[in-house]
Amino acid sequence: MSVRIEQIDACRWRIPREGEMRTEGLVFADQAMIEVLRKEQALEQVRNVATLPGIVGRSIAMPDIHWGYGFPIGGVAAFDPEQDGVVSPGGVGYDINCGVRLLRSDLEVSEVRPRLKEMADALFRNVPSGVGSHRRDLKLSTAETARVLKEGARWAVRNGFGRAEDLDHIEEQGTLPGADPEVVSDRAIERGRDQLGTLGSGNHFLEVQLVEEIADEQAAATLGLFAGQITVSIHTGSRGLGYQVCDDSIRVMLRAAAKYGISLADRQLCCAPLSSPEGRQYLAAMAGAANFAFANRQLITHWVRETFEQVLGKGPAQLRMGLIYDVCHNIAKWEEHQVQGQKRRLCVHRKGATRAFPPHHPDTPALYRAIGQPVLIPGDMGRYSYVLVGTAGAFQETFGSTCHGAGRVLSRHAAKKQARGQNTEAELAARGILIRAASRATVAEEIPEAYKDVKDVVSIVAQAGIGRIVARLRPLAVIKG
C-alpha cells in the first residue's frame, strides 16, 4: 500500500492522518530524497508509528531516514503517559544509546600528519574493534558490571578513566536515571562484561579528523574549534549487552501488547503502556544499557588520550584533549515539552536521531547555553562530518531533535556487491585518509557510496531551522570494526 504524502515546503512533507493513524506524519526531506523514499518502506513506518496509543504531536522523520526495525531510522515520536502513551523497543533500536562524542585538541594538522600512520596503527591496537571484540585487560565481575549499568560514565571517571569535567559535556551527564541492573538478564550482562571499552563492528568507528571549515565563528570559538585543528570522533554504543536487552524486551512487549489490547500495525512496533510493569521494566533495563554505552565511550576516550600522548610524546597539558560533547542516537527519555500551550512530561523516542536542545535550555551545558546544545552529525569515512548546535525551532517542532548522520542508501549486501573489484583502502589513502579495520567485509559494507552525502542531509536540517551548522570535519584516519 503506497503512502500518501504532501509537500509543505522545500524541506517538509506531510503524511495526512487517515485510517488507524492518531496523528499525521512529518518528514524532513528534499524532492530527490522523497522520490527515493517512495520506493521504500520507511514512509510506511512513519505512518505506522502514528497509530500507536498516546502519541503526542506528529510522527517525525529526519532527512537521514531509512528503513529500521519497527520505527524508521531517523524517527522521532513522543508519548504522554496521561493519554495511555506507550514505550516501544522498536523506537529505540537494538544498539541502545548508540551515540557519538567529539574530542577537541590544541593540535594542528601539521603536528599529526607526519605521525598519522603510527597514530592509526596505535589506535587500532589500543581500542579493540570488530564483531565480538573484547578487552583482555578489563574483565568486570557481575557486581562491577551492575555498577556500570547504574552509574554509566560516572563509574568510568570514578575509576580513573577520564576527568570529572568530562561529565558536564555528556548528555544526561553520562548517567540516565532509573536504571535497574536487576531487570537486565544474566545473558545480557555476560555478553557485555568483557566488551566495555570496545568499538564493535558495522558503522561504528573511531576517527581522527581535521577541522576543515568553520561556518559560525562565534559558536566554534565557544566549542573550542578552529580551522586546521585535530579532533577525534568516537561512534559506538552498548555492544552485545544492549542488543540482548532489546532482544529480551521484544518478547515481553509482544505479550504485553496483546495483554493490554494494543492493536499493532506492525508486530515490530510491540509496546506496553508507560505506566505498566512491562513498560517500567523496559525503561529500567534500557537505562542500564544506555549507561553501559556512556561508560563504553568514556573508556575509549581514555585510551584515545593515552594513545595521543604516547605517539606524539606530549602530555595532557600540551594536548588539551577535552570533550566537546557526547550525544545519544538511540534512546527513549523523559523530557518536558510544550504541547498546545501546556508543559507536559513526555517519553520521547529518538531512533537514529539526535537531541538538539536550544540556547538557554537548562539541560544545555552551562558553557554552551548561549549557543545551544552541540549536535554531532557523522558522515561516511570518505567525505566529512558536521558539528551543529540545537535551535528553538527544533524544540518547538521536533521535540528538540534533529538528524543523526548521513543515512544509508545501500543495504550492507548491496554495498558489498558494489565494492567488488574496488580497493577502497587504496582509493581513500590516495585522498589522504587511512583506514584500519578488523575485516575487509566491514570496509566493503561501509564504502562512502553506501550513504547519502551528509552535506545534503545537514543542508535540509539548517534550511528547516532544526539545527545550525558550526563546522565541517574531514577524516584523516578511520578505525573500523
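How many bridges join strand β4 (residues 55–66) to strand β5 (residues 73–79), and is their pairing parallel or antiparallel?

A: The model is predicted. In it, β4 and β5 are joined by five bridges and run antiparallel. Within this pairing, H66 stands opposite I73 in β5.

The two strands belong to an open sheet of seven, with the order β1-β2-β3-β4-β5-β13-β12 and mixed pairing. The edges are taken by β1 (6–9) and β12 (330–339); each has a single partner strand, so one side of each has no neighbour in the sheet. From one strand to the next, the twist averages 25°.

Helix α10 (residues 277–312) packs on it by touching β12 and β13 (342–351), and its direction makes about 115° with that of β12. Helix α16 (residues 454–464) also packs on the sheet, touching β2 (12–15), β3 (25–28) and β4. The direction of α16 makes about 145° with that of β4.

Another strand, β17 (residues 401–402), contains T402. This residue is buried, with a relative accessible area of 0%. Leaving aside residues up to four places away in sequence, T402 touches M62, A353, T354, A356, V375, V461 and I466. With I466 there is also a polar approach: a polar atom of the T402 side chain lies 3.3 Å from the backbone oxygen of I466.

In one of them, the ring centres of F357 and F395 are 5.3 Å apart and the planes are at 90°, so the pair is edge-to-face. F357 lies in the loop between β14 (354–355) and β15 (374–377), while F395 is in helix α12 (residues 392–397), so this pair ties together parts that are 38 residues apart in sequence. F357 is buried at 1% relative accessible area, whereas F395 is partly exposed at 21%. Y384 and Y386 form an edge-to-face pair because their planes are at 70°, over the 60 degrees required; their ring centres are 5.9 Å apart. Y384 counts as buried at 12% relative accessibility, and Y386 is buried at 8%. Ring pairs also link Y69, Y94 and Y243 into a cluster.

Charged side chains meet rings as well. R355 lies over the face of F357, 4.4 Å from the ring centre. The charged end of R408 sits over the ring of Y451, at 5.1 Å from its centre.

Technical notes: Residues are numbered from 1 along each chain as its sequence is written. This is a predicted model: local features need pLDDT of at least 70, side-chain atom pairs count only at pLDDT 80 or more; totals for chains, interfaces and linings use all residues. Side-chain values use heavy atoms; hydrogens and water are left out. Rings of Phe, Tyr and Trp (its six-membered ring) pair if their centres lie within 6.5 Å; planes under 30 degrees apart count as stacked, over 60 as edge-to-face and the rest as tilted. Helices (H or I, at least four residues) and strands (E, at least two) are DSSP runs, numbered from the N terminus. Buried means under 20% relative accessible area, exposed over 50%, partly exposed in between (1.4 Å probe, protein chains only). A charge sits over a ring if NZ of Lys or CZ of Arg is within 6 Å of the ring centre and within 35 degrees of the ring normal. A polar contact is a pair of N or O atoms within 3.5 Å; within protein, one must be able to donate a hydrogen and the other to accept it, and residues adjacent in sequence count only if both atoms are side-chain atoms. Contact means heavy atoms within 4.5 Å. Two strands pair if DSSP finds at least two bridges between them. Axes are lines fitted to C-alpha atoms, for helices over the stretch in contact, and angles run from 0 to 180 degrees between N-to-C directions.
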